[in-house]
Amino acid sequence: ENSKIMGMLKQMLRQLLGNRIVTCLHAKKTKWAMSLYGEKAVAEFDAIIRNQNSLYWLAFGTLLGAYREKGFIKNDDDIDVGMFCDDITPEVIEKLEKKGFISEHAILTADSLYCQISFKYHGISFDIYGFRKNSDKSNSITGFVPRALHDKNWKESFDLNQFKILLVNMDCDGFIDYPHFKSLTVIIPRSTEVFLKKHYGDDFMTPIPGKKGNSRKTVTEIPIEKMTASIVDKKQLFERLKK
């Protein structure tokens, strides 16, 4: 519901001010929010998950920033973390909401194996990606990233409630405390450098504006004819998410 209202407001602003101005204002607002509340968001999340005796780790762009910049990547507009699906519980969501994380939406794959849960924290997008250990002996884990359907933008996929599935595979030989993320000690995969090289390329330590991680070494796109993902409410999420 919050996402729909925000989408309507953004559309009205774009009609009044134009796309370029709205995009510029949004970027400045996000940069301001990240500078004020980004570290606090990670600290609050870290404390909640550790107090639950559960596990999380920094993921994707947030992991890259932690390893390369010892903080957030310049102009990063969201925070990404990974968790095992078994650790994503109603209690975790409730504790996050009590600390100011506002639930936006949850997206679940049609096979009910993988999810992404999105929050807002003082204007910052904060995404949890649900991973699972693979059943083979490869010591790897797999998670899911939703994308807009082919020939559709993000809003159109939201309106259709249908998303393309990208499965992300990551070598995993455990997790470690990492005491170099701003003033915080956070959790990262032990094999962080291996994943970042595969996902972002051998030059991942060199900032390249606009470069995204989408390597065939880590990402498998599921054809929409085989399976898609959709938004579910919290009750549906925990009823359907396989443990």
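Reader: Let's start with Thr62. Is that residue buried or exposed?

Author: Thr62 counts as buried, because its relative accessibility is 1% and the cut-off for buried is under 20%. Bear in mind that this is a predicted model.

Reader: OK, and which element is Thr62 in?

Author: Thr62 sits in helix α3.

Reader: What does Thr62 touch, leaving out residues up to four places away in sequence?

Author: Thr62 touches Phe72, Asp76, Asp78, Ile79 and Asp80.

Reader: How many of the residues of α3 are buried?

Author: Eight of the 10 residues in α3, which spans residues 60-69, are buried, so the helix is largely enclosed by the rest of the structure. Those buried residues are Phe60, Gly61, Thr62, Leu63, Leu64, Gly65, Ala66 and Arg68.

Reader: Which helix does α3 cross, and at what angle?

Author: That would be α6, residues 192-200: the two axes come within 11 Å and cross at roughly 120°. That angle makes α3 oblique to α6. The crossing is left-handed.

Reader: Which residues make the contact?

Author: On the α3 side, Phe60, Gly61, Leu63, Leu64 and Tyr67. On the α6 side, Thr192, Glu193, Phe195, Leu196, His199 and Tyr200.

Reader: How do the residues of that contact divide into nonpolar, polar and charged?

Author: Seven of the contact residues are nonpolar, three are polar and one is charged.

Reader: Where does Lys70 lie, and what is its relative accessible area?

Author: Lys70 is in the loop that runs between α3 and β2 (78-84). Its relative accessible area is 40%, so Lys70 is partly exposed.

Reader: Switching to Asp151: what is its phi near?

Author: The phi of Asp151 is near 65°, again a positive value in a residue other than glycine. Asp151 belongs to the loop between β6 and α5 (154-160). With a relative accessibility of 81%, Asp151 counts as exposed.

Reader: Now the strands. How many residues of β7 are buried?

Author: Six of the eight residues in β7, residues 164-171, are buried, so this strand too is largely enclosed by the rest of the structure.

Reader: Which strands does β7 pair with?

Author: On the one hand, β7 runs antiparallel to β6 (residues 140-147), with eight bridges joining them. β7 also pairs with β10 (residues 219-222), in the antiparallel sense, over four bridges.

Reader: Where does Leu166 come into that?

Author: Leu166 is the bridge partner of Val145, and Leu166 also stands opposite Glu221 in β10.

Reader: What about β3, how many of its residues are buried?

Author: Six of the eight residues of β3 are buried, leaving the strand mostly covered. Ser103 is found in β3, residues 102-109, and is partly exposed, with a relative accessible area of 23%.

Reader: How far apart are the C-alpha atoms of Ser103 and Phe126?

Author: They are separated by 9.5 Å, and the two residues are 23 apart along the chain.

Reader: Which strands are joined to β3 by bridges?

Author: Six bridges link β3 to β4 (residues 115-121), and the two run antiparallel. In that pairing, Leu108 stands opposite Cys115 in β4. Another four bridges connect β3 with β11 (residues 229-232), also antiparallel, and there Ala106 has Val232 as its bridge partner.

Reader: In the hairpin of β3 and β4, which residue takes a positive phi?

Author: Ser112 does, with a phi near 65°, and the hairpin has five residues between the strands.

Reader: Last one, zooming out: how many helices and strands does the protein have?

Author: Seven helices and 11 strands. Of the 243 residues in the protein, 46% are buried. As for contacts with a separation of 6 or more, 63% are between residues 24 or more positions apart.

Terms used. Residues are numbered from 1 along each chain as its sequence is written. This is a predicted model: local features need pLDDT of at least 70, side-chain atom pairs count only at pLDDT 80 or more; totals for chains, interfaces and linings use all residues. Side-chain values use heavy atoms; hydrogens and water are left out. Buried means under 20% relative accessible area, exposed over 50%, partly exposed in between (1.4 Å probe, protein chains only). Axes are lines fitted to C-alpha atoms, for helices over the stretch in contact, and angles run from 0 to 180 degrees between N-to-C directions. Angles under 35 degrees count as roughly parallel, over 145 as roughly antiparallel, 65 to 115 as roughly perpendicular and the rest as oblique. A crossing is left-handed if the near helix is turned anticlockwise from the far one by less than a right angle, and right-handed if clockwise. Contact means heavy atoms within 4.5 Å. Ala, Val, Leu, Ile, Met, Phe, Trp, Tyr, Cys and Pro count as nonpolar, Asp, Glu, Lys and Arg as charged, and the others, Gly among them, as polar. Two strands pair if DSSP finds at least two bridges between them.
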